[in-house]
Amino acid sequence: MRKALITGINTGIGMGLAKFLLQNGYFVIGCVRKPEYFDLLIAEFKGFKGQYSLYAFDLNSDFTDKLQEIENTQGIPEVIINNSGVFLTDSGDFEARYNNIISSLEVNLKAPMRICEYFAAKMRSLPWGRIINISSKMGSLGDNSSGGYLSYRSSKALLNLYTINLAHQMADSKIVVLTLHPGWIKTRMGGMGAPDEIGAAVERIAFALTDEASEFHGEFLVGKEKLPW
Ligand SMILES: NC(=O)c1ccc[n+]([C@@H]2O[C@H](COP(=O)([O-])OP(=O)(O)OC[C@H]3O[C@@H](n4cnc5c(N)ncnc54)[C@H](OP(=O)(O)O)[C@@H]3O)[C@@H](O)[C@H]2O)c1
């Protein structure tokens, strides 16, 4: 059974992805911010007992000890999905807006980097694997036609840059590295005015798990479609 480590499974796209992974026979290493979410998740994943394990830690911290615990208890995952993210509203004076960039980097860049850097080298010997960073079209420089949202845009742009670098580093392995836009989705972050349901995001992201996706190593995608950097 392939093991998939995924962050932010208590809500939104992360919960949708976790259910998809369980339904498709993966063992889910589910990461959330707080242990208070465990009861909700146990109820949501009824019917999949023994097919998942839950871990709680704040991504805005040094959680390396938790990654060691995951490795010691579950081994090396075949799939990593860095799904968690924050979208901060940029307002206030220069210092406040700059501090928003720093806070966004902690969760949207530093946490995925920490997870990738802990596991990537260890994944190299696997015959199949995926490292999937959930980014956003708002991190695209080429697609930025309206401006604004500097903290979110800059954190996702750097996540994209980090992902390309990691893809180069892993090019001689069987691990496919991708950065993905899920679409504009009805979640706490996307808001209820978003056009697409969580299922649409899950379907787009699920493409990354197919064999066909290996042709797209190092790309920035929505579904199978390449996005401008
Ligand atoms: N929804 C969209 O339209 C859209 C569009 C483009 C990209 N995305 C990306 O898709 C991903 C998922 O978004 P979503 O819409 O599902 O967002 P969401 O509903 O707001 O969920 C975000 C998840 O990230 C977790 N998280 C945030 N900060 C954390 C921290 N410090 N420690 C641990 N967990 C933390 C949240 O935990 P808590 O519940 O505890 O806060 C939650 O599980 C994000 O990376 C987002 O940038 C979303």
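**Exercises on a predicted model**

At 3% relative accessibility, N82 counts as buried (under 20% relative accessible area, with exposed over 50% and partly exposed in between, using a 1.4 Å probe and protein chains only). This is a predicted model, where local features need pLDDT of at least 70 and side-chain atom pairs count only at pLDDT 80 or more, while totals for chains, interfaces and linings use all residues. Residues are numbered from 1 along each chain as its sequence is written, and side-chain values use heavy atoms, leaving out hydrogens and water.

**Exercise 1.** Find the strand that holds N82, then list what N82 touches.

*Solution.* Next, skip neighbours within four places in sequence. That leaves N82 in contact (heavy atoms within 4.5 Å) with T7, P112, I115, C116, I132, N133 and I134.

**Exercise 2.** Work out how helices α4 and α5 pack.

*Solution.* Two packed helices are described by the angle between their axes and the distance between those axes. Here, α4 (residues 94-123) and α5 (residues 150-169) pack at about 20 degrees, with axes 7 Å apart. Angles under 35 degrees count as roughly parallel, over 145 as roughly antiparallel, 65 to 115 as roughly perpendicular and the rest as oblique, so α4 is roughly parallel to α5. Now sort the residues of the contact: 13 are nonpolar, six polar and two charged.

**Exercise 3.** Is L159 buried or exposed, and what does L159 touch?

*Solution.* First, L159 lies in helix α5. At 1% relative accessibility, L159 counts as buried. Not counting residues up to four places away in sequence, L159 touches N108, L109, P112, N133, I134 and S135. For a spacing check, take Q68: L159 and Q68 are 91 residues apart in sequence and 23 Å apart in space, C-alpha to C-alpha.

**Exercise 4.** Describe the largest nonpolar core.

*Solution.* A nonpolar core is a set of buried Ala, Val, Leu, Ile, Met, Phe, Trp, Tyr and Cys residues joined through side-chain atoms within 4.5 Å. The largest one has 35 residues, and those with the most contacts inside it are I9, L21, I81, I132, L178 and L180. Its largest share, six residues, comes from α1. Zoom in on I81: leaving aside neighbours within four places in sequence, I81 is in contact with L5, I6, T7, L17, L21, I132 and I134. A second, separate core of 30 residues includes C31, F63, C116 and I175.

Technical notes
Axes are lines fitted to C-alpha atoms, for helices over the stretch in contact, and angles run from 0 to 180 degrees between N-to-C directions. Helices (H or I, at least four residues) and strands (E, at least two) are DSSP runs, numbered from the N terminus. Ala, Val, Leu, Ile, Met, Phe, Trp, Tyr, Cys and Pro count as nonpolar, Asp, Glu, Lys and Arg as charged, and the others, Gly among them, as polar.
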